[in-house]
Amino acid sequence: MLSLCALVRGQAPMEVYGCSGRGFTGECQTFTCPFNGCCEMPSFFQTSLVSVRSAGSYNFRLFTAAGCQYDCNDNDHGSLEVDGQGWSNIGAAAYACVDGPY
């Protein structure tokens, strides 16, 4: 019988797919964060992200810098839930970290 810890370690990571243009156009990159992780995103995702979706098996939340302090949380009420369909234009919002799955 597997322990819960062994099962969690075997989970696939979250995959953030983001592009610098609306409708998943422009420069696109993928960022991976471990299952149940809270990860600071690379600068491309913090400064150039316009469209974003989950490229993996899980939904996740993106947080602004205020939501990244200590551990990912929604203390600034500025998080954005992202699924496989994603968001084709998130506007000028700047997200600094990712957390999930949701």
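Let me start with Glu81, which at 32% relative accessibility counts as partly exposed, and please keep in mind that what we are looking at is a predicted model. Glu81 forms a salt bridge with Arg61, and the closest N and O atoms of the two are 3.3 Å apart. Because Glu81 lies in strand E6, residues 80-82, and Arg61 lies in strand E5, residues 60-63, the pair ties together parts that are 20 residues apart in sequence. Arg61 is partly exposed as well, with a relative accessible area of 23%, and a search of the whole structure finds one salt bridge.

Now to the cysteines, where the structure holds four disulfides; a disulfide, as a reminder, is a covalent bond between the sulfur atoms of two cysteines.

Take Cys38 and Cys72, which are joined with a sulfur to sulfur distance of 2.0 Å. The torsion about their S-S bond is about 85°, so this disulfide is right-handed. This pair links distant parts of the chain, since Cys38 sits in strand E3, residues 38-40, while Cys72 sits in the loop between E5 and E6, 34 residues apart. Cys38 counts as partly exposed at 32% relative accessibility, whereas Cys72 is buried at 11%.

Another disulfide joins Cys19 to Cys28, and with 110° about the S-S bond that link is right-handed. Here Cys19 is buried at 0% relative accessibility, while Cys28 is partly exposed at 29%.

In the disulfide of Cys33 and Cys39, the sulfur atoms are 2.1 Å apart. Cys33 is buried at 0% relative accessible area, and Cys39 also counts as buried, at 14%.

Note on methods:
Residues are numbered from 1 along each chain as its sequence is written. This is a predicted model: local features need pLDDT of at least 70, side-chain atom pairs count only at pLDDT 80 or more; totals for chains, interfaces and linings use all residues. Side-chain values use heavy atoms; hydrogens and water are left out. A salt bridge is a side-chain nitrogen of Lys or Arg within 4 Å of a carboxyl oxygen of Asp or Glu. Helices (H or I, at least four residues) and strands (E, at least two) are DSSP runs, numbered from the N terminus. Buried means under 20% relative accessible area, exposed over 50%, partly exposed in between (1.4 Å probe, protein chains only). A disulfide is a pair of cysteine sulfur atoms within 2.5 Å.
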